[in-house]
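Me: Got a minute to go through the helix and strand packing in this one with me?

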Amino acid sequence: MKKILVSGGSIAGLTLAYWLHKYQFEVTVIERSAGLRLGGQNIDIKGPAWEIVKKMGLAEKVRAANTTEVGIRFVDTNDKIVAEFPKDNAISMTQEIEILRGDMVNILYDEVKDTTNFIFGDEIKDIVEQEDGVKVTFNSRDEEKYDLVMIAEGIGSGTRQQVFGNEIRYHYLGLYCAYLTMERAGTDSRWARWCNAVGAIVFLLRPDNYGKTRTCIFFRSPERGYEKLSLADQKNLLIEKISNVGWEAPRIIKAIQQTDDLYFERVSQIKAPHWYRGRVCMVGDAAYCVTPIAGKGTDLAIAGAYILAGELACNANYGDAFNAYERRMRPYVSRVQQLPPGVPRLAYPDSKLGVVILNSFFALAGSKLAKFVVKVFAKNKKEPKQEIHLPDYQVF
Ligand SMILES: Cc1cc2nc3c(=O)[nH]c(=O)nc-3n(C[C@H](O)[C@H](O)[C@H](O)COP(=O)(O)OP(=O)(O)OC[C@H]3O[C@@H](n4cnc5c(N)ncnc54)[C@H](O)[C@@H]3O)c2cc1C
């Protein structure tokens, strides 16, 4: 039985652990944090991810964890509704299956916790490839030998750096984002609210299914390395950034001061010329982050994990398996990483006038006439082709 180490215990790593175990591999997941990282806003499960979730027998659990968001409202800094798009509108951000990222991580963890070895609060220090395996040393435990190592450490992966070095390119999209959770207030409802503020800032507040409000702050900025700051410095930076912009900033500042689960990231795509080297292979955001703007990070992480495990199961040689995984996934990733011109810059105006113009545009898009046209187009639109072929790996 092949012994596989998966580094990173989130969507990609846990999905991979599930399928590898199904195919009789012996799996260990190492997660740097002391426990599962459960922060973040909604992720939508659709397309290939939904097909795979169904294959895993998790459809009902995922449906039951729906955040119950009914749609999205664009509001100005006086909290006046500029436009609203209910869930069933073709251009609404709210999808049929919206689930908190943390709930999805918990659902996946429940499926694998009895069949997978878990190591929390440690990480890989060094990897040395040998003829018959990979010798892995850790920060705080004895070294161990594995047949293969999978990197599922997300966008900021450190092990990726060790193995692939300067080959990896961050394509920075000119935005930083921060996620945190707030207590619900009287202004919150089942609608998500999007508010543009002067200074190229966007607030996105979304209801969750626990009576709280999931909050995201995006702001445009040249690349400054903010993601590497300490938590305290990230908090100060955010507070300074939003302190004079109005709307619900005072409430959000209070929440920033109180939280110890702030996820702060530069919005960047990861471009890697190769996803594997020798016995080490990457999956999910570590290999091909598309950013929350593309809205498909979860799709790619789940589809990638499913295909990688399936190919390992049906190829005798790991090199052939990695190659087949990359061949199947790469065209899909390339399509998703192709953003329309002006995205995301146009959605983050800096000046007061820019914000007014953008809100007028939202108002127009949300007008009855525009919604009617979208509905007609959506009705006549052909069913999209399957986004990626998901082989039925019958190798149990
Ligand atoms: C806390 C958090 C909140 C997020 N919130 C959102 C959100 O609101 N909306 C959205 O679209 N996307 C969010 N994301 C990103 C989203 O989860 C991914 O884009 C997508 O689901 C792909 O998942 P992934 O498993 O590849 O990466 P990630 O979900 O980023 O998971 C990577 C995992 O690897 C762990 N890790 C990192 N380095 C190491 C290391 N050296 N050794 C061991 N483990 C390591 C991390 O702690 C994390 O658990 C968030 C990610 C995190 C970690």
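Me: What should I know about the model before we start?
Reply: It's a predicted model, where local features need pLDDT of at least 70, side-chain atom pairs count only at pLDDT 80 or more, and totals for chains, interfaces and linings use all residues. Residues are numbered from 1 along each chain as its sequence is written, and side-chain values use heavy atoms, with hydrogens and water left out.

Me: OK, at what angle do α9 and α10 cross?
Reply: Roughly 160°, with the axes of α9 (297-314) and α10 (318-337) coming within 8 Å. They're therefore roughly antiparallel (angles over 145 degrees count as that).

Me: And which residues of α9 meet α10?
Reply: D299, L300, A303, G304, I307, L308, E311 and L312, where contact means heavy atoms within 4.5 Å. On the α10 side, the partners include Y318, F322, R328 and V336. By class, that contact has 14 nonpolar, one polar and three charged residues (Gly counts as polar, Tyr as nonpolar).

Me: How do α6 and α7 cross?
Reply: At roughly 175°, and the axes of α6 (231-242) and α7 (249-258) come within 10 Å. That makes α6 roughly antiparallel to α7.

Me: Switching to strands, what's the order in the open sheet?
Reply: β8-β9-β10, with antiparallel pairing; strands pair if DSSP finds at least two bridges between them. β8 (124-130) and β10 (144-146) are the edges.

Me: How many bridges join β8 to β9?
Reply: Six. As one of the partners in β9, V136 bridges to I127.

Terms used. Axes fitted to C-alpha atoms, helices over the stretch in contact; angles between N-to-C directions. Helix = DSSP H or I, 4+ residues; strand = E, 2+ residues; numbered from the N terminus. Parallel < 35°, antiparallel > 145°, perpendicular 65-115°, else oblique.
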